[in-house]
Amino acid sequence: MLTAPSLGYLLLSPMIIVFAAAVIGVLVEAFMGKTHRAAVQLTISIGALLLALVQLWRIRDLSSTTAAVNSVTIDKAGIFLQATVVVLALIAVLLIADQENFTAQASAVPGSNEEAVALLQKNQQTEIFPLFLFAVGGMMLFPVATDLITLFVALEVFSLPLYLLAGLSRRRRLLSQEAALKYFLLGAYASAFFLFGAAFLYGYAGTISLVGISSAAGSANEVFLLIGIIFVSIGLLFKISAVPFHSWTPDVYQGAPTPITAFMAACTKVAAFGALLRIFYIGFAEAQTIWQPIITVIAILTMVLGSVVAIAQRDVKRMLAYSSIAHAGFLLSGVVALSKDGLAASLFYLMAYGLTTLAAFGIIGLVRDSTGEVTDLNRWVGLGKKSPLVGSVFAFLLLSFAGIPLTSGFIGKFAIFSAAYQSGNIAIVVSGVLASAIAAFFYIRVIIMIFFTDPVNDSVSVIIPSVKSKISISVATVASLIFGVAPSWLLTSATNFATFIK
Amino acid sequence: MSLLTLVGALPLVGAALMYFIPSKNIELVKKFALLVTTLVAVASIFLAIGFDKSVTSMQFTQSNSWISAFNINFAVGLDGISLVLILLSTILVPIVVLATWHESDGGRWSVKTFYVLILILETMMIGVFAATDLFLFYVFFEAMLIPVYFLIGGYGSANRSAAAIKFLLYSLFGGLLMLASIIGVYVISGNQIGATFDLTQLATLEIDNQTENFLFLGFFIAFAIKAPLWPFHTWLPDAAKSATPGTSVLLLGVLDKVGTYGMIRFCIELFPDASKTFTPLIITLAVISIIYGAFMAIGQKDIKGLIAFTSISHFGFITMGIFAMTTQGMSGSNLYMVNHGFSTAALFLIAGWMMARRNSSIISDFGGLQRVTPVMAWSFFIAGLSGLALPGLASFVSEFLVLVGTYTRYPVAAIIGTLGIILAALYILIPIQKTLHGPVTPGNEKMTDLNLREKIAIAPVIAIIVVMGFYPKPVLDLINPTSEKVVTNAGFTDPVAEVNK
């Protein structure tokens, strides 16, 4: 007789809540009238995320950690990463709720009559909410998945909705659709690499569980292990946009609707780094001599290239895309550190970076002219004069990206570089500070454009943000400020939660 | 809470209170800024009164946990060196506010913003000299760049935004190198005595030679950029030319001192062995700075550029004195920092008034000011003579001490450095002759002399320059014990018996 496996529903409950809400969202799409759909969807999304957060708080001290027949491990670090995803998603959903940014009808060909009619009827593509929730659910699963198949499933669950969401921009739709297609094709490639690597690892270890791979290390032909590690890493490095797998990032960041870019930039990083950390800290820890030099080189390349190429960017979204590449390099030094300090620093960094990123993209969404958002930096000149508050907040966020003291970006950088230095990776620290110096140049150039240049006639205006955007941007900015001036609480929590359980 | 923290926080509180003053009421904003900065100056004099000269350990200390995860504390304290630098800063700020009353009127942003930035900067200047926690020092060191950046870029002249970004990038680059070294020191402390940023504890670390050399360089390059030492100096002339005279005073008078102060407090105290290794190189750079700065100053056509290059020459003297590793040299350099602060302030403020009246900063546009504006001309004359270290004026004592202190260990460097004094006579006296003496040249006939506000602002500076020239004992009494301690702790003894000061 078959006995039902014990799934550990309590541990899974935060994810179940989000997935269930996503399914309900689909039903709402089917049965709900057009008029209230957006409001209902938003309520469901916020409610589910809040509930998931409460549930995460309740399970934070549970002693049992594995669930769903050992395919998921909800340990301390896992809970912290999930909470980070949920908190960032809560802020992001308020930006996404600003329907103004999304196409009225995604199926209508850009420029066609059908599109004009949809716009006229004030149609809304409210499917973004269930898609968003599915993505969040996948992002929550990714960093806690402990076998290769679950990892792959989670990867696809959060990637597929993102491919769609990236193509839903209201304006410059062709650019948006191009971005979505690029993201999908390259993403599919990366997934294939991941799967290929997973097959090799299975062949090497005879098991798909990370713990099993770890204990099998050294027992068989190292070449299989090496190939497996490399290909799995490629899949993950693609998601965090590490060099040389970064080329999709600027195009997608630029083309996607700005709130989606914000969500993607903040939450995908958390999820993908969470999984990367777990895989390397648990699955490949025994084989560190194989991968550490490779990841070190990639980290250095990523931070240097991201910082250097960002200088040449004239579009603010592309610039932040390259800046996110550089930050991925900094974050990789936490992976290379392979220590509890490294993990704690990464957890802090991900939260701090996510908040800053959300606020920055939130503000980009506010800078517009009559045809929509303006992301050309040359037209941002004199913004500080027209709107001192928005200009100052954006300048503060840029300084945080640059890692100037008294911002959360600085504390994160300090924590992660200390961990890397501690573990003996001094080359990464030195490259990191040099890359930061290069990066400072383009952040500061934007500040100059905003404050030190006089506005020209065709420059842009800052729209008055909706209440939702206002809440979202101010919460993210204030949190970013607090974590810069008084980071103790978050740092201590990150340290307390920095344990992966095998 | 120690008095030191209160003094440091006062300008910040003032900046916050500025919020309640309507931006349109410009006069009130300025008067309030003057009131706050004067209060700070008075309060800091109480610090000096309460300071016990016989004790060489830190005084007015306070330590509160700030970021417990890294054992970072809000730890401040004073010894003789930091006390005189804080006094320099707090006394200069109200003078600058009073002297440059109209400087902020034509800026990119409001007058209020200007004074808020000045007040924030003052807190950071006090903090950077008071911090006894390495991390806290770094935070002040880097964060103070931001208000200066906005002061240069928002209120300066001509190429202000280019100069501002050059200043910021140079400083950030140095700062980030220092960050790598700070992380290194922190990690090493974690391995040896438990992770800490406390300076006294960090000084006890045993670091192997190679690592120590690299860590030392991280700090030293940051401070050499700040000070600025040849060949890291190229940002300074641009910044000084583009900033308003008031900002330049704070930049050259106070902020650059952070560089030389850092060399003493961090390079020598934390890495005595590496300091020994690099001393010949640094002395060479310092001598080059002295001579190079002097020659460049002689060639300057612009008054602001002239003062900037004389400063590079003077910073060469200060660095030379520090790394001579003798008590006279160390005391002399410390005294020089104070004297240079006041002399440069006088030069820049008066030059600022001259330029504002003539609407030009080119030396050859002026001529015969002695007849038209006697008070302004005399003040400029005295400030200039102090700049060339004329006996009886402030800089002489310190320059003499530096040269004596250096001669006992590095005679050649001291002799070449002495050439700098001769060149100083050239670069000061020629412009003074051109601008002040001789016939009144066209364009200068209607120039007005200093008004009461300007006289009140410059009088204390001139008084300090003269008094410090004749009677530097009160300041030397504050400096000497700490200087001796630094030299002794670094493992040096004076080559000759100590001279009586």
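## Cis prolines and a positive phi

B:Pro231 sits in the loop between helix 9 and helix 10 (235-242) of chain B. The peptide bond that joins B:Trp230 and B:Pro231 is cis, with omega about 0°. The model is predicted.

Chain A has a cis bond too: the peptide from A:Val243 to A:Pro244, with omega near 5°. A:Pro244 lies in the loop between helix 9 (222-239) and helix 10 (248-255) of chain A. A:Ser241 is also found in the loop between helix 9 and helix 10 of chain A. This serine is not a glycine, yet its phi is positive, about 55°. Most residues other than glycine have a negative phi, and most peptide bonds are trans.

## Chain B as a whole

Chain B has 20 helices and 2 strands. Its radius of gyration is 22 Å, close to the 23 Å that the globule rule gives for 501 residues, so chain B is as compact as a globular protein of that length. Along the principal axes, the C-alpha atoms of chain B fill a box of roughly 70 × 55 × 40 Å.

## The hairpin of chain B

Strand 1 (residues 59-67) and strand 2 (residues 72-78) of chain B pair over 6 bridges, in the antiparallel sense. B:Ile67 in this pairing stands opposite B:Ile72 of strand 2. The hairpin has 4 residues between the strands, and B:Asn71 takes a positive phi near 55° there.

## Helix pairs within chain B

Two packed helices are described by the angle between their axes and the distance between the axes. Helix 13 (residues 303-323) and helix 14 (residues 327-358) of chain B pack at about 175°, with axes 9 Å apart. Helices 13 and 14 of chain B are therefore roughly antiparallel to each other. On the helix 13 side, the contact includes B:Ile303, B:Ile307, B:His314 and B:Phe317. Helix 14 of chain B contributes residues including B:Tyr336, B:His340, B:Leu347 and B:Met355. By class, this contact has 12 nonpolar, 8 polar and 1 charged residues.

Helix 7 and helix 9 (residues 209-226) of chain B pack at about 155°, with axes 8 Å apart. These two helices of chain B are therefore roughly antiparallel to each other. Helix 7 of chain B passes helix 9 of chain B in a left-handed crossing. From helix 7 of chain B, the contact residues include B:Gly174, B:Gly175, B:Met178, B:Ser181 and B:Gly184. Among those they meet in helix 9 of chain B are B:Leu215, B:Gly218, B:Phe219 and B:Ala222. The residues of this contact divide into 10 nonpolar, 6 polar and 1 charged.

## Where chain A meets chain B

In the contact between the chains, 22 residues of chain A touch 24 residues of chain B. Helix 17 (408-422), helix 18 and helix 20 (488-496) of chain A each supply at least two residues of the chain A side. The largest share, 9 residues, comes from helix 18 of chain A. By class, the chain A side has 16 nonpolar, 6 polar and no charged residues.

Helix 18 (residues 426-451) of chain A and helix 7 (residues 160-192) of chain B pack at an angle of about 155°, with axes 9 Å apart. That angle makes helix 18 of chain A roughly antiparallel to helix 7 of chain B. Helix 18 of chain A passes helix 7 of chain B in a right-handed crossing. Among the contact residues of helix 18 of chain A are A:Val429, A:Val433, A:Ala440, A:Phe441 and A:Ile448. Helix 7 of chain B brings residues including B:Ile165, B:Leu169, B:Phe173, B:Leu176 and B:Ile183. The residues of this contact divide into 18 nonpolar, 2 polar and no charged.

## A sheet in chain A

Chain A has an open sheet of 3 strands in the order 4-3-5, with antiparallel pairing. Strand 4 (372-373) and strand 5 (461-462) of chain A are the edge strands, each pairing on one side only. Strand 3 (residues 367-369) and strand 4 of chain A run antiparallel and are joined by 2 bridges. A:Asp369 stands opposite A:Gly372 in strand 4 of chain A.

Note on methods:
Residues are numbered from 1 along each chain as its sequence is written. Chains are lettered from A and ligands numbered from 1 in the order in which they are written. This is a predicted model: local features need pLDDT of at least 70, side-chain atom pairs count only at pLDDT 80 or more; totals for chains, interfaces and linings use all residues. Axes are lines fitted to C-alpha atoms, for helices over the stretch in contact, and angles run from 0 to 180 degrees between N-to-C directions. Angles under 35 degrees count as roughly parallel, over 145 as roughly antiparallel, 65 to 115 as roughly perpendicular and the rest as oblique. A crossing is left-handed if the near helix is turned anticlockwise from the far one by less than a right angle, and right-handed if clockwise. Two residues are in contact if their C-beta atoms, placed from the backbone, lie within 7 Å. Ala, Val, Leu, Ile, Met, Phe, Trp, Tyr, Cys and Pro count as nonpolar, Asp, Glu, Lys and Arg as charged, and the others, Gly among them, as polar. Two strands pair if DSSP finds at least two bridges between them. The radius of gyration is taken over C-alpha atoms; the globule rule is 2.2 Å times the number of residues to the power 0.38.
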